[in-house]
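The following briefing concerns the attached structure.

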Number of protein chains: 2
Amino acid sequence: MACELCDNDGGALIWRDARCRAVHVAEPGYPGYCRVIWNAHVAEMTALGAGDRDHCMRVVFALETALRERLHPDKVNLASLGNVTPHLHWHVIPRFRDDPHFPNPVWGRLLRQPAAVETPRADLIAHIASTLSGL
Amino acid sequence: MACELCDNDGGALIWRDARCRAVHVAEPGYPGYCRVIWNAHVAEMTALGAGDRDHCMRVVFALETALRERLHPDKVNLASLGNVTPHLHWHVIPRFRDDPHFPNPVWGRLLRQPAAVETPRADLIAHIASTLSGL
């Protein structure tokens, strides 16, 4: 069966290793929206062995750290949903009080019209890549 | 400042240890909806030390395992949002193709009217408690 995350990076590739990758997602109003995507087609975290699970979360938390260091969001949202694309991926979303949905989840009701998609800040992407390269 | 998750369990308590707790949430259409709530008032996963972070995720994944074993959901959704209540808590939500929002997130558009809240299955709660007691 065709899977979007088997066939594509799923965003602008920032970093990858043998097990997973981090991408930046062009989402209007969310300049720091990233995802961690497991490379193999697996649906659930508990379908991974303990070592793989730990590695995946280490990448998610390193990404959260890098985003917090550069963007200082009011909150970070982490989510592994996959109802539409059941290929393991984590949304790592810096949230701000004036972003399009805050305090709703980004999947909830839109409260403010987002500006056009901005080009991601090169310094942010470089900082994420540098943080993850230490893993 | 008053915090709902400092002042209350945040659901029907299933299990707790010195660091966190697991609760069942009465959510119409979602009989297996649980949360893992960190006991101390901390907003982000990366505000925890590495050991606490690992412990928190071990509880989340043990809960996911217990829910999968008993309910066999089509997907599990995991999320740490906290925009409204910035006290670390994980939503652990078994999802089914015929649930009220599937394939939308539970915070997205409602697609089917949920039935009334059901009393949680005693065997499910006992199975979760037994799984978590091994941690």
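**Salt bridges, interface and strand pairing**

At 55% relative accessibility, R97(B) counts as exposed, where exposed means over 50% relative accessible area, buried under 20% and partly exposed in between (1.4 Å probe, protein chains only). The model is predicted, and local features need pLDDT of at least 70, side-chain atom pairs count only at pLDDT 80 or more, and totals for chains, interfaces and linings use all residues. Residues are numbered from 1 along each chain as its sequence is written, chains are lettered from A and ligands numbered from 1 in the order in which they are written, and side-chain values use heavy atoms, with hydrogens and water left out.

**Salt bridges within the chains**

- Over all chains, a search of the whole structure finds 14 salt bridges, each defined as a side-chain nitrogen of Lys or Arg within 4 Å of a carboxyl oxygen of Asp or Glu.
- R97(B) takes part in a salt bridge with D74(B), at 3.9 Å from N to O.
- D74(B) lies in the loop between α2 and β4 of chain B and R97(B) in the loop between β5 and α3 of chain B, so this pair ties together parts 23 residues apart in sequence; helices (H or I, at least four residues) and strands (E, at least two) are DSSP runs, numbered from the N terminus.
- D74(B) is partly exposed, at 37% relative accessibility.
- R70(B) and D123(B) form a salt bridge in which the closest N and O atoms are 3.5 Å apart.
- Because R70(B) belongs to helix α2 of chain B and D123(B) to helix α3 (residues 122–133) of chain B, the pair ties together parts that are 53 residues apart in sequence.
- R70(B) is partly exposed with a relative accessible area of 35%, and D123(B) is partly exposed with a value of 35%.
- D123(B) also forms a salt bridge with R121(B), with the closest N and O atoms 2.9 Å apart; R121(B) is partly exposed at 38%.
- In chain A, salt bridges that share partners join R70(A), R121(A) and D123(A) into one network.

**Interface of chain B and chain A**

- In chain B, 31 residues are in contact (heavy atoms within 4.5 Å) with 31 residues of chain A.
- The two chains bury about 2,600 Å² between them, 57% of it on carbon and sulfur atoms; buried area is the accessible area (1.4 Å probe) that two parts lose on being put together, summed over both.
- E44(B), K75(B) and N83(B) supply 25% of the area that chain B buries against chain A, more than any other three residues.
- The rule finds two salt bridges across this interface.
- K75(A) and E44(B) form a salt bridge, the closest N and O atoms being 2.8 Å apart.
- The elements giving two or more residues to the side of chain B that touches chain A are α2 (50–71), β4 (75–80) and β5 (89–95) of chain B.
- That side of chain B divides into 16 nonpolar, eight polar and seven charged residues; Ala, Val, Leu, Ile, Met, Phe, Trp, Tyr, Cys and Pro count as nonpolar, Asp, Glu, Lys and Arg as charged, and the others, Gly among them, as polar.

**Strand pairing**

- Strand β4 (residues 75–80) of chain A pairs with β4(B) in the antiparallel sense over three bridges, where pairing requires that DSSP finds at least two bridges between two strands.
- A79(A) has A79(B) as its bridge partner in β4(B).
- Within chain A, four bridges join the antiparallel strands β1 (residues 12–16) and β2 (residues 20–24).
- A hairpin joins β1(A) to β2(A) through three residues, and V23(A) in β2(A) is the bridge partner of L13(A).
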